[in-house]
Amino acid sequence: MLLLGIPALRIISISFVMSAITILCGYFSSGLGNGIINMVGAAIRQLILLVPCLWIFIKISGISHGWYAFWIAEIIACIYSYYMSHKLLKTIFK
C-alpha cells in the first residue's frame with residue numbers, strides 16, 4: 001500500500017492549491033447569492049472530469065499515472081470557478 005500511496009499523495013498534493021482556489025471562489029459566489037457556481041464547480045471537479053480522466057489514464061498508462069487526472073480536473077474547475085466568480089463580481093458592481 002505504501003508503494004502506491006506515497007507517490008499518489010505526492011502527485012495529488014500539488015492539486016490541493018487549485019482545489020483551495022476552486023472552493024474559495026465557490027463559497028465567495030454562494031455568499032454573493034449564486035450557489036450554482038459552487039455546485040457546478042464541484043461537479044466539474046468530482047464527476048464530469050475526474051472520473052472519466054482517471055478511467056482513461058488508468059486504462060492507458062496504469063494506476064501509477066492515473067493520479068495526474070486530479071491535476072486536469074482541478075485546473076479546469078479552478079479556471080471555471082475563478083472566471084464565473086469574477087464575472088459575478090463584475091455584474092454586481094456594475
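A: Happy to! Keep in mind that this is a predicted model. Cys53 is buried, because its relative accessible area is 17% and the cut-off for buried is under 20%. Its closest cysteine sulfur belongs to Cys78, and at 16 Å that is too far for a bond. Cys78 is in no disulfide either: the nearest cysteine sulfur to it, that of Cys25, is 6.4 Å away, whereas a disulfide needs the sulfur atoms within 2.5 Å. The count of disulfides comes to zero.

Cys78 also leads us to the helix. With a relative accessibility of 8%, Cys78 counts as buried, and it is one of the buried residues of α6, which include Ala69, Phe70, Ala73, Glu74 and Ala77. Among the elements covering the buried residues of α6 are α1 (2–13), α2 (16–31) and α4 (50–61).

The length of α6 makes sense too: its 24 residues should span 34 Å at 1.5 Å a residue, and the end C-alpha atoms are 35 Å apart, which agrees.

Now for the exposed side of the story. Ile79 also lies in α6, which covers residues 69–92, but Ile79 counts as exposed because its relative accessibility is 56%. Ile79 belongs to a nonpolar surface patch together with Ile14, Tyr68, Trp71, Ile72, Ile75 and Ile76, and the accessible area of the patch is about 600 Å². As for spacing, an α-helix has 3.6 residues a turn, so residues three or four places apart point the same way.

Notes:
Residues are numbered from 1 along each chain as its sequence is written. This is a predicted model: local features need pLDDT of at least 70, side-chain atom pairs count only at pLDDT 80 or more; totals for chains, interfaces and linings use all residues. Side-chain values use heavy atoms; hydrogens and water are left out. Patches are made of residues with over 30% relative accessible area and no salt bridge: like charges are joined within 9 Å, nonpolar side chains (Val, Leu, Ile, Met, Phe, Trp, Tyr) within 5 Å. Accessible areas come from the Shrake-Rupley method with a 1.4 Å probe; for residues, only the protein chains shown count as cover. A salt bridge is a side-chain nitrogen of Lys or Arg within 4 Å of a carboxyl oxygen of Asp or Glu. Helices (H or I, at least four residues) and strands (E, at least two) are DSSP runs, numbered from the N terminus. Buried means under 20% relative accessible area, exposed over 50%, partly exposed in between (1.4 Å probe, protein chains only). The expected span of a helix is 1.5 Å times one less than its number of residues. Contact means heavy atoms within 4.5 Å.
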